[in-house]
Amino acid sequence: MNDQSTATSMSPLPTLTDWRFETDFEGIGWAILDRAGENQNSLSRRVLEELGEIVSLAEAEAATKKLRGLVLISGKPNGFIVGADIREFEDFKSEKAVTDAIQQVTALLDRIESLPIPTVAAIHGYCLGGGLELAMAFQYRIATRDDATRVGFPEVKLGIFPGFNGTARAIELAGPVSAMQAMLTGSMLRSSVARGMGLLDELVPSRQHLRWSARKAVLQGRKSRSPSFMKRAMTYSPIRGYLAGQMRQKTREKVREDHYPAPFRLIDLFEKHGGSPDRMKREETKAFAPLMISETAQNLRRVFRLSEQMKDLAPKGSFKPLRAHIIGAGTMGADIAAWCVISGLEVSLQDLNEEQLKRAADQAKALFKKRLKTPTEVDAAMARLLIDPQGDNVPRADVIIEAVVERLDVKQKIFAGVESRAKATAVIATNTSSLPIEEIAKAMANPRRLIGLHFFNPVPQLPLVEVVKAPDTAQEWIEKGCSVVTTIGKFPLVVKSVPGFLVNRVLAPYMMEAMRRHEEGIEREKIDDAAKAFGMPVGPLELADQVGLDICKHVAEIIGLAKEEMTGSKLARLVAGGNLGKKTGEGFYFWKDGKALRTPPKEPYADVELQALGEELVKPLIDECEKCVAERVVQGADLCDAGVIFGTGFAPFRGGPLHYRQVEREKAAAQRVLTDKRGEEK
């Protein structure tokens, strides 16, 4: 059956902008969300107000038996509801404003839950955050098995947790263990997983089956199954307290409470009130409101906006690569090839070293097994990875990426040969981390065609790719490069061809400052703990070991750092002795089973010391960011912040290095005014 299987009457609510409401010949009401002027549905103020009109009509017609059931479905072909419209979050300036707005929404969802007729949410595509909370207010949820359908609560990534009474409803449907895990991690779950948890009730093969299945569910009066006794028992007081303790411990292993308070407040909410859905709902709003207006949430929303801004760097629909050719099967080349395959491309991998190609294929298969859900998908991915020692597939490729040794003569020779064989429309790129694009391009007939696509290691984990532009690079190829990056699910950042580009340039002085402090006698553990106390994902010395000390030394030399201090430094001595960090088992740390072996301090480091040291460590990084903006290495402070967050992991909850510095300056200025005012009053 297709979408046209149920004839409908004209809408009794003709003034709706974001919704269509139709009643079919069987008396089933279809609430179709198709937000005007938007590619995706989200819950804006107007969307919710119009939903309120639909619910009022449904209440009236249900009371007179004119309406037999209500179905919520999306009018967008590729999505359900991605959540609340976070663009409107900035309108809230006080806890009271948040509370008032939230209570209006929760009252609306309670009205939907109380409708005396069967209600069904029919889901295809992303059903996230507020969208899932709305769906849970319906009696029955049907979703497609399509891989594009994802269900989840990503709010924790924005510094909050579900606030439309989703915490209570999720626990009622899925039980506390599964529901809390979904909310604490912000995971986007496949529909099959969500059904197994109890968040969904039925799966259908495709979007075309949704209407027919929703109709059957209404006519048969289907409702979600009650959770098992075991799930209900886990909300009882003694067990609930134990579960909360376990959740708190696991969450602390991942994030610090002072940096990311939202998951800890959610655990507190569950521990205190999880035994009563009514109390949970009431207390949820009280806990949610202060988080919503917190500095952490504001900064994480800023990071989300920055990610959207980076996606917009790629022109929509202008270029969609299907085949990639990677030259060089070393660690980076192999990872780039494997990631392109995972992203759906057919990839040919070229290298003269057969052993290297075999290792790359094994490396790719290991990644596929980790990332893909079935052996069939792994086999399909391996079929898309073509081993191509002689580069026979160059003429077929839409994008060609070179990732060989950092030698100018080698790269020039490669591109001189590739250019004549490549399609006229193909992107030609180098993954160089240090050589000027314009120098590599000199061997080409059309040097304006070459761009840099600088990936970061490990490729599967770091979301940024620097799209490097030489002074004469044609804009057409930069835009196509950005399209390549977004096609494979990464964030593009256009940067000028300067030593270190953006990320390595700002990271190097930060790491060199840490090494200098260590040379002065500060313990490596204290330095790294201070950086993590500031919010960095890993300390600078441990990071240097992970990157490779030979690479760190090379980057520092390319950028022109510490020329006088390099001779005789610990970094130079370690590199000269072949102790290159994690890959050799020894660097600033000894490494065992992939982990740095730390020496515990005799006494715990004082928080105030770590905080002060952390701020001092990141100062050179922020200074360099300001220089990069002034020199137009990137186009503006926002993109600089985005690049450093997604390329280095700079503390997201601080909103980016330049934003952090500006906020700190504003706080200091406000404090001076307050101090002066108090002085005058005295």
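**A mixed sheet and its helices**

An open sheet of 8 strands runs in the order E12-E11-E10-E13-E14-E15-E16-E17, with mixed pairing. Strands pair if DSSP finds at least two bridges between them. Strands (E, at least two residues) and helices (H or I, at least four) are DSSP runs, numbered from the N terminus. This is a predicted model: local features need pLDDT of at least 70, side-chain atom pairs count only at pLDDT 80 or more, and totals for chains, interfaces and linings use all residues. Residues are numbered from 1 along each chain as its sequence is written, and side-chain values use heavy atoms, leaving out hydrogens and water.

Now look at E13 (residues 399-402) and E14 (residues 427-430). They pair in the parallel sense over 4 bridges. Ile400 has Ile428 in E14 as its bridge partner.

H12 (residues 295-311) touches strand E16 (464-469) and E17. The direction of H12 makes about 75 degrees with that of E17. H14 (residues 354-371) touches strand E11 (346-350) and E12, and its direction makes about 170 degrees with that of E12. Such angles run from 0 to 180 degrees between N-to-C directions; axes are lines fitted to C-alpha atoms, for helices over the stretch in contact.

Next, helix against helix. The axes of H9 (residues 237-252) and H10 (residues 262-273) come within 9 Å and cross at roughly 175 degrees. That makes H9 roughly antiparallel to H10, a term for angles over 145 degrees. Contact means heavy atoms within 4.5 Å. The residues of this contact divide into 7 nonpolar, 2 polar and 6 charged. Ala, Val, Leu, Ile, Met, Phe, Trp, Tyr, Cys and Pro count as nonpolar, Asp, Glu, Lys and Arg as charged, and the others, Gly among them, as polar.

H19 (residues 503-519) and H21 (residues 540-547) also have axes that come within 9 Å, crossing at roughly 115 degrees. Their contact holds 9 nonpolar residues, 1 polar and no charged. Among them are Leu507 and Tyr510 in H19, and Pro540 and Leu541 in H21.

Finally, is helix H4 (residues 166-174) enclosed or open? In H4, 8 of the 9 residues are buried, so this helix is largely enclosed by the rest of the structure. Buried means under 20% relative accessible area (1.4 Å probe, protein chains only). Gly175 follows H4, and its phi is positive, near 85 degrees.

Technical notes
Parallel < 35°, antiparallel > 145°, perpendicular 65-115°, else oblique. Buried < 20%, exposed > 50% of the residue type's maximum accessible area, 1.4 Å probe, protein only.
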